[in-house]
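Keep the 3D view open and follow along, one place at a time.

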Amino acid sequence: MEILIENGRVVDPKSGVDAVMNVFVSGGTITAIGTTPPGFHPYRKINAEGLVVCPGLVDLSARLREPGLEYKATLESEMAAAVSGGVTSLACSPDTDPVLDEPGLVEMLKHRAKSLNQAHVYPIGALTRGLKGESLTEMAELHDAGCIAFGQSDMPLPNTRVLMHAMQYASTFGFGIWLRPQDVNLADSGVAHDGEVATRLGLPAIPVCAETLALSNIILMARETGAKIHFCRISSAEGAAMVQAAKRQGLPVTCDVAANHIHLSEMDIGFFDSNCHLVPPLRGLSDRDALRRGLLDGTIDAICSDHAPVDEDAKLLPFEEAEAGATGLELLLPLTLKWAEEVRLPLPAALARITVEPARILGIDAGHLSPGAIADLCVFDPDEYWKVEMAALKSQGKNTPFLGMELRGRVKYTLVNGEVVYETG
Amino acid sequence: MTNNPQLNKSGQLQHLLTTEGLPAPILLTILDTAESFVGVTERDVKKVPILRGKSVFNLFFEPSTRTRTTFEIAAKRLSADVVNLNIAASSQSKGETLLDTVNNLSAMHADMFVVRHSQSGAAHLIARHVKPEIHVINAGDGRHAHPTQGLLDVFTIRHYKRDFRSLRVAIVGDILHSRVARSQIHALTTLGVPEVRVIGPKTLLPSKVERLGVHVFHQMAEGLKDVDVLLMLRLQNERMVSARLPSKEEYFKYYGLTQEKLALAKPDAIVLHPGPMNRGVEIDSAVADGKQSVILPQVTFGIAVRMAVMAILAGH
């Protein structure tokens, strides 16, 4: 199974390679870049002229909705969405039904995902049983079953003693803890940023200090316990500043931001657009700008899709009752490219935020094009515009704030383990 | 999302969802039309045939007697057929969604929906999904808007004070949870009131409320100084449960309107309240029943204003 990808602009953020070259794939790995290896006889040639060839994308936050929530999405639909968005590795969250808190469930999910032969799935295990925030899960067992880190999804962990013990226990084994910082009492039943728009629309609000208060607790406990913390989907300027300060103190923390949040603000809610009902809430313009800066200066390590497919009926409700979330796997690349263009960031640096950086956070060998690496590749047309329409999306979730917009950057081929798993018809 | 969902392509009123973003000429047309209906409501035969043959559906997803009744009277005085639906008690509890309910009722050939719902944005959602010939009137959605109340308040203010452009108006109480306050603020600022104040403790004021074009006060002594109009708001018992206030008694002492506090305003200041009142909580009986109170005329004008809104939506 040898594949030759010819004359593409090869971009490898890790090595800094950015040149028009050939990529040689055989036996599931990248054999060589540039020079033809001896005895290479491709059974297939992909003409990548005018296209970018980069590592397959790595997404830190995808909800696949299996097991239990198949009315929202299935593994089949969401894995198809992943590879059509160029995503070849993804971390999935434990808030399924049942919750991913038992090794058997994790093994089953891994097995199901593997049999589909599409993107690699890395489950985040539940940090507490049933995500209830009361008692610890069998983290070591779950790790053996395939969990790559542990978290609470969007469920609260208000008991600081339990959180402290979870950090101590996880750090015993060197496991990472992934948390979206939010104080449950201050967030209460809020659905929008506590600012001008929520005030105007009369929506229950979540203040910024719901995020910063939780960050402060977690950072102090991380210092105490030495636990490795990944902050998921930071939303505010002050939050980003606290993460930066923690990093400067040398704490082992990393951080991501959702693709929606580097482009949108509370203003985009307009007249109650439930597609903008997201978790965490879209905040003010100055917050959005600070997140963009944080992403540039390295405070924020990676961009995630925050993929959360929601069934259509659940969005056809008043804003507050409408289910939070948006489809994202197919928009991760174009939204990253849009940001890079707006801040005039060179392509390799932009792609680093969705390849090698998230791979580093996951601790997996992915997101780069070194010879010998697993051939997970994304080949995309950086200049093609496409319209975000329900019919254009493979994900079962059709809702996104970008519905109806034209975005630049279209995936043409996706390779996983050296096989073409997606190509545009 | 830049299009105003309340206006049709030629800039006429299609739905009444909020007073925000409505141009002053439209607000003034509503007030002027209401003026002409005040006469009707005072006649022996209180009916005009403007909505003859039309069906007005009162969709109340949240219990209300007063507002529903005034809409019902307004529609009947315009000769419409009125159907009252108390949906809180029926389909919603059977799991039917808001839009399912609305679609079912649309199939019964409604011409106008008057909607009250506990969720902010419910009326917008319905307006976005009904057939183009159906008009939606928001009769209160969550904390967001209650535009006919806001309009009847400015109608009352104009009746007594004539010129908006020389007024100082204070809105007192629970601004955070009040759809009435939001509708009042937008109507007043659009009509050119130079100074709109909000007065309340910090737990009852939403963040960045000043961005709505109001001046913020926390003490009655300062906030009521030299005002021409006082708009009092109802205080719900829930505010004590949610730890926003310690007690009704302390609230009354510091923010309840008494004759003594009213004396801080201009001598000819008028007092409004959207009802139902909590006497001895946000307002003292002596003020509610006193000579500066225009609370009962508000109710009468409310019918004329609702008639005006319905007539204008029907193309009159």
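## Two crossing helices in chain B

In this predicted model, helix 3 (residues 98-106) of chain B and helix 4 (residues 122-129) of chain B have axes that come within 10 Å and cross at roughly 50°. The two helices are therefore oblique to each other. If you like to check handedness by eye, helix 3 of chain B passes helix 4 of chain B in a right-handed crossing.

Which residues make the meeting between helix 3 and helix 4 of chain B? From helix 3 of chain B come B:L98, B:L99 and B:V102, and they meet B:A122, B:L125, B:I126 and B:H129 in helix 4 of chain B. Sorted by type, the residues of this contact are 6 nonpolar and 1 polar, with no charged residue.

## Where the chains touch

Helix 4 of chain B turns up again where the two chains meet. Here, 23 residues of chain B are in contact with 19 residues of chain A. On the chain B side, helix 3, helix 4 and helix 6 (179-190) each supply at least two residues. Helix 4 of chain B gives the largest share of that side, 3 residues.

What kinds of residue make up the side of chain B that touches chain A? They divide into 9 nonpolar, 9 polar and 5 charged.

## The largest nonpolar core

Next, look inside. The largest nonpolar core has 239 residues, and the members that touch the most others are A:F150, A:I177, B:L230 and B:M310. Helix 12 (residues 295-313) of chain B gives the most to this core, with 11 residues.

Not counting residues up to four places away in sequence, A:F150 touches A:I124, A:G125, A:A126, A:L127, A:M139, A:A170, A:F175, A:I177 and A:W178. Among these partners is A:I177, itself one of the residues that touch the most other core members.

## A closer look at A:F231

Find strand 13 (residues 228-231) of chain A, where A:F231 lies. Is A:F231 buried or exposed? It has 27 other C-beta atoms within 10 Å, so A:F231 is buried.

Leaving aside neighbours within four places in sequence, A:F231 is in contact with A:L179, A:P181, A:V243, A:V253 and A:C255. Take A:V253 from that list: it is 22 residues from A:F231 along the chain, and their C-alpha atoms are separated by 7.4 Å.

## Backbone details in the loops

One runs from A:V279 to A:P280, with omega near -5°, and A:P280 lies in the loop between strand 14 (253-258) and helix 9 (285-297) of chain A. Another joins B:G275 and B:P276, with omega about -15°. B:P276 is found in the loop between strand 9 (270-272) and helix 11 (285-288) of chain B.

A:N417 is not a glycine, yet its phi is positive, about 50°. Look for A:N417 in the loop between strand 17 (406-416) and strand 18 (419-423) of chain A. A:N417 has 17 other C-beta atoms within 10 Å, so it is partly exposed. In chain B, phi of B:A243 is near 60°, also a positive value in a residue other than glycine. B:A243 lies in the loop between helix 8 (238-241) and helix 9 (248-255) of chain B, and with 8 C-beta neighbours inside 10 Å it counts as exposed.

Methods. Residues are numbered from 1 along each chain as its sequence is written. Chains are lettered from A and ligands numbered from 1 in the order in which they are written. This is a predicted model: local features need pLDDT of at least 70, side-chain atom pairs count only at pLDDT 80 or more; totals for chains, interfaces and linings use all residues. A nonpolar core is a set of buried Ala, Val, Leu, Ile, Met, Phe, Trp, Tyr and Cys residues joined through C-beta atoms within 7 Å. A residue is buried if 20 or more other C-beta atoms lie within 10 Å of its own, exposed if 12 or fewer, and partly exposed in between; C-beta atoms are placed from the backbone. Helices (H or I, at least four residues) and strands (E, at least two) are DSSP runs, numbered from the N terminus. Two residues are in contact if their C-beta atoms, placed from the backbone, lie within 7 Å. Axes are lines fitted to C-alpha atoms, for helices over the stretch in contact, and angles run from 0 to 180 degrees between N-to-C directions. Angles under 35 degrees count as roughly parallel, over 145 as roughly antiparallel, 65 to 115 as roughly perpendicular and the rest as oblique. A crossing is left-handed if the near helix is turned anticlockwise from the far one by less than a right angle, and right-handed if clockwise. Ala, Val, Leu, Ile, Met, Phe, Trp, Tyr, Cys and Pro count as nonpolar, Asp, Glu, Lys and Arg as charged, and the others, Gly among them, as polar.
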